[in-house]
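Let's take a look at how two chains can meet. Keep the structure in view while you read.

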Amino acid sequence: MVCVKQVPDVAEIKIDEVKHTLIRSGVPSILNPFDEFAVEEAVRIRDVVGGNITVVTMGPMQAKEALYKCLAMGADRAILLSDAKFAGADTWATSKTLAMTIEKLGFDLVICGMKAVDGETCQVGPEIAEILGIPHVSYVKRVEMNADGKSLLAERSTEEGHQLINCSIPCLLTASKALNIPRVPTIINQMMAKKKPIEIFTAETIGAEKGQVGLPGSRTQVVKVFTPTLRSGGGKILNASDLQGSVGQLLELLKKEGSKQ
Amino acid sequence: MSAESRGVWVVGEQKGTQLATVTLELLTVGRKIADDLSQELNVILIGPESSDNLRLLEEYGPDRIVLVTGGATEHYLTEIHSDSIASLVEKNRPSAILFPATYDGRDTAARLAARLQVGLAADCTEVRVDETGRFVQVRPAFGGNLMATIHQPTARPQLATLRPHIVKPAKPAKKTAPKVERVAAVPLSNRFQKVVMKSVREVADESGNLDEAEVVIGVGRGLGGKEKLNMVNHLARLMDAAVGGSRGVVDAGWLPHNQQIGLTGRVISPKLYMALGVSGAVQHLVGVRTAKEIVAINIDPDAPIFKVATFGIVGDMFKVVPLLISELESKSTAAANVQATV
């Protein structure tokens, strides 16, 4: 089971300097880059141990495009959670919706990207695991299935190194960039993927009550949105013709800013 | 239930017995929030106890210090950390809990939020009590293009992770001796009987801690090769800096993946970011946007990095860096001589 998200290509987002809003029109939607690592790893694991891969996403009908990419990469089944009732969900409501779906379908292993590049919370994976009552390993950079078939060995990135965690299955992993290099689907696979069905699930399909999902199910509320005062730069840029002088000035700055006192 | 929820909690972080500085930053922020809400400030520290840490925590003004020890707490494991905090929450019902936005802090906070069925504002750059007396959180989204002010209307406690370096640690003037409480960690087997974590091993890589470091040196493709990192690491040691890099550098295998700074890597907020041979693509810049100062050294005068830099040198990094190293070294020798004379 792989959970994915369609996100705007954040690098393409621009700010309307006058209105202080995001210019989202013309910004392409893509499969969240971290989810590609999750799908790739799922395909590799399936190709060794068997089974099949279901990808799940929550979003509007356009999010089908992200699912087609997953199918082209090798996923077997794709589910789009799309219902007006799901709209406005925060991370809790999103995790709840995804967890209810995963529970309904049954699973051995759940893989998510470690974060989505638009929201950047790193929360949905661990929250799903907690709701499902299974352990999780986050920021995974290597996975090996153990010979007993009941556990796996996951290498988790930490601030300064890594941990090796032996974790029994079922469990949830969140994929970091170091996990693998995602395949680029061939044109033929892309065309075949488009012919595969995408199942649409609604709140009713997963048996969600009104207050559980979407905005009513959310715990956080956005009270205000604003654009940050962006770095204007406009700093002092020196030419290296006087290298000694430039470095001297740089040292002054370092003394001021870099000192711990 | 929310009416009785009282108390602001800070969850600290330690590696082995080394207290992370971000803990003191959180205490500084937490003290202000607690005072504004007229509530108590508690700090929770999970892991082996150290008297140095305890003394340090006491100086930053918490009303109560809770030390969670025993079990398998010498290493980080999400399930143990989140369950241990959950058990304290159920007993004491705080109104807010602050975590560091570090690898482990984000991980624990998410699992705990789901356990308690409450909200969590991630990677906040500011938290405060607003003019109506509500605790609100401000966080960036969409690669830092947008800021959102978040409030959690009913669910308590309100959870938030805070980025390191958003405040300078400050000791409060008024000090009262905090109560110290010791509790045993909730063992793994309590909830995960079917599923057991068997082994944990921590191995330190040589590159420094990007989140905690006050100074970060970032290298770009301008570096030219992995062997050139020796020079950069040398400079980093002199400046007490951590080393990260652009996507290009990581993809070329010159630095490990967890040292990538930017959209598909890490987002950092050091006091000073020094970009060496980094051109400054948008994808990279979103990772350093909240750095206080950006220093750029690049041979290309048109490199976009200069547009966001507070100080820049248009020049060859292979000339600038060695000069910088020799200046810093002669200075530290001079300092050592002075000390020797004293």
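## What counts as touching

Before we start counting, here is the rule: two residues are in contact if their C-beta atoms, placed from the backbone, lie within 7 Å. Keep in mind that this is a predicted model.

With that rule, 71 residues of chain A are in contact with 82 residues of chain B. The largest share comes from α7(A), with nine residues. Sort the chain A side by residue type and you get 33 nonpolar, 23 polar and 15 charged.

## A sheet built from both chains

Now for the sheet. Strands of a sheet pair through backbone hydrogen bonds, either parallel or antiparallel. Here we have an open sheet of four strands, in the order β14(A)-β10(B)-β9(B)-β8(B), and the pairing is antiparallel. At the edges sit β14 (221-226) of chain A and β8 (126-129) of chain B, each pairing on one side only. Neighbouring strands are turned by 25° against each other on average, direction ignored.

## Where the chains join up

How many bridges join β14(A) to β10 of chain B? Five, and the two strands run antiparallel, with β10(B) covering residues 146-151. Look along this pair: Val222(A) stands opposite Ile150(B), and Phe226(A) stands opposite Met147(B).

## A helix across the sheet

Finally, find helix α1 (residues 21-37) of chain B. This helix lies across β8 and β9 (135-141) of chain B, running at about 20° to β8(B).

How values were computed
Residues are numbered from 1 along each chain as its sequence is written. Chains are lettered from A and ligands numbered from 1 in the order in which they are written. This is a predicted model: local features need pLDDT of at least 70, side-chain atom pairs count only at pLDDT 80 or more; totals for chains, interfaces and linings use all residues. Two strands pair if DSSP finds at least two bridges between them. Axes are lines fitted to C-alpha atoms, for helices over the stretch in contact, and angles run from 0 to 180 degrees between N-to-C directions. Ala, Val, Leu, Ile, Met, Phe, Trp, Tyr, Cys and Pro count as nonpolar, Asp, Glu, Lys and Arg as charged, and the others, Gly among them, as polar.
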